[in-house]
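The following note sets out numbered points on the structure shown below. Each point may be checked against the coordinates.

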Amino acid sequence: TAAAYQQVVTKYALRAIDFDLEEPEYENTAAIANELGAAKTLQANNPGLFVSVTMPGTAAGTGWFGTQLLDQARSIGLGPNNFSIMPFDGGFNGASAQVSALEAFHNVLMTHMGWDSQTAYTHEGFSGMNGKSDVSEFFQTSDFQTVYDYAISHHLGRFTFWSVNRDRPCVGTTDNGVCSNVAQNPWDFTRFSTRWANASPSSLPPPTTKPPGPCSAPEWVATSVYTGGNTVSHNKHTWTAKWWTQNEEPGKADVWADNGPC
C-alpha cells in the first residue's frame, strides 16, 4: 500500500497527504492496520511530508472505532503530524457542538496517544463541511468563524473542509456537490483556509463555474432515442447522455450526466 501511495507522492511532489479513514475500512481492524502501516512507511521515507489521519467525529470526539484506530497508531509507533475529526453528519448543531467535539477529541488524544495537553492540541485538526451536510445539518460562515477562532487560540494543527467545489451559493439547484445551500458569497469558506495558511484571501482566483446561460440544447423528448454524447435541456439543466437511452428522464436516470443549470 505504501509503495502505491509513494508513486503519487513522487509524481506530484506532494508536501502533504491525508489518510481519510471512513466506513467500511474504519470498522475493519486489518484495513486500519494496513493504512496506518502505510502512513508510517511514507512518513519515514519522505522527510518533511505532512501526514494527517482523518476520521469521523462524534459528540465524544470520535467513536469506539476511532479510539481503536488511535490505539493501533500508538502500538506501531505512528505519530502523524495530525489527527483530524469531521464533526458533521452526526447530529451536530452548529459551531458550539463542533467545538465541544473538538475539545472532547483533545482529551481522547491525550488518553489514547499519551500526549500532554499542548501536544494533543498541536496534533489535532478540524475537517468541517461548509453549508448543508449530507443529513441536513447547516453550517454557516459564522460557524466556521467560531471554530476557526477556537483552532487559532488552541494552536490546532489543521483546518480544512469539504469542499471547495461547493464554496458558492446555489443557483437553481439543491445539489450538494456544486453549492453550499446556505447564504454566502463565492469562496467565503475557502477564505478561512487561506487565512489559516497565512495566504492572502485577495489572491483567490474567481470561481471557475460560469453563471448559468440560456438553455440552448433541445428539450428532452421521452419518445426520442439518444446515444452517448447527445445533449438535451430539461428542468432548466443541460444533460449529456452517457449511452443509448429512450424514455429515461434526465435527473431520474443515471444515463444522464448533469452539466449544470441553464
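1. Phe126 is buried, because its relative accessibility is 0% and buried means under 20% relative accessible area, exposed over 50% and partly exposed in between (1.4 Å probe, protein chains only). Phe144 likewise counts as buried, at 0% relative accessibility. This is a predicted model, in which local features need pLDDT of at least 70 and side-chain atom pairs count only at pLDDT 80 or more, while totals for chains, interfaces and linings use all residues. Residues are numbered from 1 along each chain as its sequence is written, and side-chain values use heavy atoms, with hydrogens and water left out.

2. How many aromatic pairs does the model contain? The count comes to 15, where rings of Phe, Tyr and Trp (its six-membered ring) pair if their centres lie within 6.5 Å, with planes under 30 degrees apart counted as stacked, over 60 as edge-to-face and the rest as tilted. Phe126 and Phe144 form an edge-to-face pair, because their ring centres are 6.0 Å apart and their planes stand at 80 degrees. This pair links distant parts of the chain, 18 residues apart: Phe126 belongs to strand β4 (residues 124-129) and Phe144 to helix α6 (residues 141-153). Helices (H or I, at least four residues) and strands (E, at least two) are DSSP runs, numbered from the N terminus. Ring pairs also join Phe126 and Phe144 to Tyr148, Phe159, Phe161, Phe189, Phe192 and Trp196 in a cluster.

3. The largest nonpolar core has 49 residues, and Phe19, Leu69 and Phe83 have the most contacts inside it. Such a core is a set of buried Ala, Val, Leu, Ile, Met, Phe, Trp, Tyr and Cys residues joined through side-chain atoms within 4.5 Å. Helix α4 gives the most to this core, with 8 residues. Apart from it lies another core, of 8 residues, among them Tyr226, Trp239, Val255 and Trp256. Leaving aside neighbours within four places in sequence, Phe83 is in contact (heavy atoms within 4.5 Å) with residues including Val53, Leu69, Phe105, Trp115 and His123.

4. His112 lies in helix α4 (residues 94-113). The side chain of His112 makes a polar contact of 2.7 Å with the side chain of Asp71; such a contact is a pair of N or O atoms within 3.5 Å, and within protein one must be able to donate a hydrogen and the other to accept it, with residues adjacent in sequence counting only if both atoms are side-chain atoms. Not counting residues up to four places away in sequence, His112 touches Thr67, Leu70, Asp71 and Arg74.

5. UniProt lists residues 217-259 as "domain: Chitin-binding type-3" in an unreviewed entry; its annotations may be inferred rather than shown by experiment. Over residues 217-259 the chain is 0% helix and 40% strand, and the end C-alpha atoms are 11 Å apart. Val221 is found in the loop between α7 (190-196) and β8 (225-226), and Val221 is partly exposed, with a relative accessible area of 37%. The C-alpha atoms of Val221 and Asn247 are separated by 7.7 Å, although these residues are 26 apart along the chain.
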